[in-house]
Amino acid sequence: MIAERLLPIPRFRQRVVAEGRGMPRWELDPHFDLASHVAEIVLPAPADEAALQALVGGMMTTPLPADRPLWRFHLVRGYEGGSAVIGQLHHCIADGIALMLVLLTLTDVDGEPALLAGGSPLAGLFQRAAAAVERARSFAEEVMPEALGLMLRSPRAVRRWGMWPMVAGAGALGRLVLRRPDPRTPLKGRLGGAKRVAWSRPIPLERVKGLSRRLGGTINDVLPSALAGALGSYLRTRGDRVEGLSFRAAVPVNLRTLDRMAELGNRFGLIFLSLPVGIADPLARLAEMRRRTAALKGSPEPLVTYGILGAMGRLSHTLQRQVVRIFGTKATTVLTNVPGPRRALAVAGHRLRGLMFWVPQSGNLGLGLSICSYAGEVRLGVASDSGLVPDPEVIVGAFEEELAVMDRLAESAAQPSPISAPAASSR
């Protein structure tokens with residue numbers, strides 16, 4: 001499957017070459033060998049979720065070999081009586097949205113006849129076939145959530161600010177540079193330990209939509225609000241004071257339309273979302289989260305950060321590290337939300353029961369939070385540096401408990417108030 005559907009995309013046969021002080025460049029790997037990029041592993045007993053999480057964490061700790069194309073896939077046998085597929089892809093290949101579409105070329109819609117080699121509606125898109133764009137758009141709108149389809153057609157930041165990048169960006173740049181550093185917490189600091197990962201149980205998307213309807217806001221308010229509550233709970237278990245505490249999550253924003261996906265690489269900006277982790281009351285926290293997310297809508301900040309990130313590639317390594325350090329002071333975590341396929345998919349004839357991804361760590365941001373939806377369910381993934389957060393499963397558990405509390409509040413709010421008879425008057 002990899003040979004038939006991934007290798008026709010040129011980037012997956014290319015390696016990165018850096019000579020002296022010149023700019024790194026892509027070149028075709030003259031010694032490319034598919035066997036170096038696929039491996040089969042038998043998950044050790046008890047072959048449960050904890051064993052798979054330990055395996056993924058170990059893979060995140062080990063860098064990909066730099067002398068070959070920067071990707072690798074593992075077929076893991078035995079996981080809960082079935083199998084798992086783990087892909088490792090360096091972020092220099094593409095950003096999250098582009099990689100999601102690349103990985104979809106490996107799949108078929110479950111229950112439908114398998115496509116022939118190269119027959120994926122998305123395959124031509126990454127081989128620069130102009131005629132493939134409309135076919136790919138139609139497929140993405142069918143299989144991917146509506147929100148993703150809209151985003152790929154015309155990202156909001158590009159649509160609103162594309163004509164006035166200098167005017168719109170000047171104020172945003174000033175706010176970004178002058179923004180105070182995040183408060184110190186145990187969640188960020190020098191990286192260097194082994195990596196840990198955890199993920200939540202699948203959460204029905206309808207359950208989250210129901211919460212948004214009954215409590216107010218959108219799915220993108222409810223989930224970050226529950227996550228902020230979980231982070232506050234986690235810090236309290238470690239003995240930290242969190243009353244009144246807020247810190248920021250760097251949130252990637254797609255800046256590329258579907259017809260430019262063939263470029264791969266990275267075309268995203270960042271917004272800095274302040275998480276009200278110190279508000280213990282779930283309803284008050286959700287209301288505050290709604291206010292903060294509304295304030296960021298339509299911001300030119302993603303275009304400004306995209307310009308800074310692009311310019312970093314032309315700086316010396318010393319200056320690059322300084323810019324990374326400055327960016328790192330503005331946030332405590334990276335939070336990304338990739339809406340995945342709404343229909344169940346299959347790989348080589350086998351149905352995918354679940355889907356999860358994790359973000360890379362850099363600077364002094366050792367905590368990555370990933371929200372991914374798939375086939376009517378959503379999951380939270382947490383990746384951490386063990387020297388900072390050795391137990392990401394505790395954050396996951398607190399997140400699930402926060403949603404349960406919101407369920408109870410929504411249910412009680414929906415109950416009709418009891419009607420009592422008026423008291424008899426006395427004379």
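## Overall make-up

The model is predicted. The protein contains 13 helices and 15 strands. It has 427 residues, and 47% of them count as buried.

The protein exposes about 21400 Å². Carbon and sulfur atoms supply 56% of that area.

## Helices α9 and α10

Helix α9 covers residues 219-237, and helix α10 covers residues 282-296. The two pack at an angle of about 125°. Their axes are 9 Å apart.

Which residues make the contact? From α9 come N220, D221, V222, P224, S225, A228 and G229. From α10 come P282, R285, L286, M289, R290 and T293. Sorted by class, the contact has six nonpolar, four polar and three charged residues.

Helix α3 runs over residues 96-104. Seven of its nine residues are buried, so α3 is largely enclosed by the rest of the structure. The buried residues are I97, A98, L99, M100, L101, V102 and L104.

L355 sits in the loop between β13 (350-351) and β14 (367-374). Its relative accessibility is 26%, so L355 counts as partly exposed. L355 and P202 are 153 residues apart in sequence, but their C-alpha atoms are 9.6 Å apart in space.

## A buried aspartate

D29 belongs to the loop between β2 (25-28) and β3 (38-42). Is D29 buried or exposed? Its relative accessible area is 8%, and the cut-off for buried is under 20%, so D29 is buried.

What does D29 touch, leaving aside neighbours within four places in sequence? Its contacts are R13, Q14, R15, D67, R68 and P69.

## Backbone exceptions

Most residues other than glycine have a negative phi, and most peptide bonds are trans. The peptide bond from A45 to P46 is cis, with omega near 10°. P46 lies in the loop between β3 and α2 (49-61).

E80 and A348 are not glycines, yet each has a positive phi. For E80 the phi is about 45°. E80 is placed in the loop between β4 (71-77) and β5 (83-89). At 47% relative accessibility, E80 counts as partly exposed. For A348 the phi is about 50°. A348 falls in the loop between β12 (345-347) and β13. With a relative accessible area of 49%, A348 is partly exposed.

Technical notes:
Residues are numbered from 1 along each chain as its sequence is written. This is a predicted model: local features need pLDDT of at least 70, side-chain atom pairs count only at pLDDT 80 or more; totals for chains, interfaces and linings use all residues. Side-chain values use heavy atoms; hydrogens and water are left out. Axes are lines fitted to C-alpha atoms, for helices over the stretch in contact, and angles run from 0 to 180 degrees between N-to-C directions. Helices (H or I, at least four residues) and strands (E, at least two) are DSSP runs, numbered from the N terminus. Contact means heavy atoms within 4.5 Å. Ala, Val, Leu, Ile, Met, Phe, Trp, Tyr, Cys and Pro count as nonpolar, Asp, Glu, Lys and Arg as charged, and the others, Gly among them, as polar. Buried means under 20% relative accessible area, exposed over 50%, partly exposed in between (1.4 Å probe, protein chains only). Accessible areas come from the Shrake-Rupley method with a 1.4 Å probe; for residues, only the protein chains shown count as cover.
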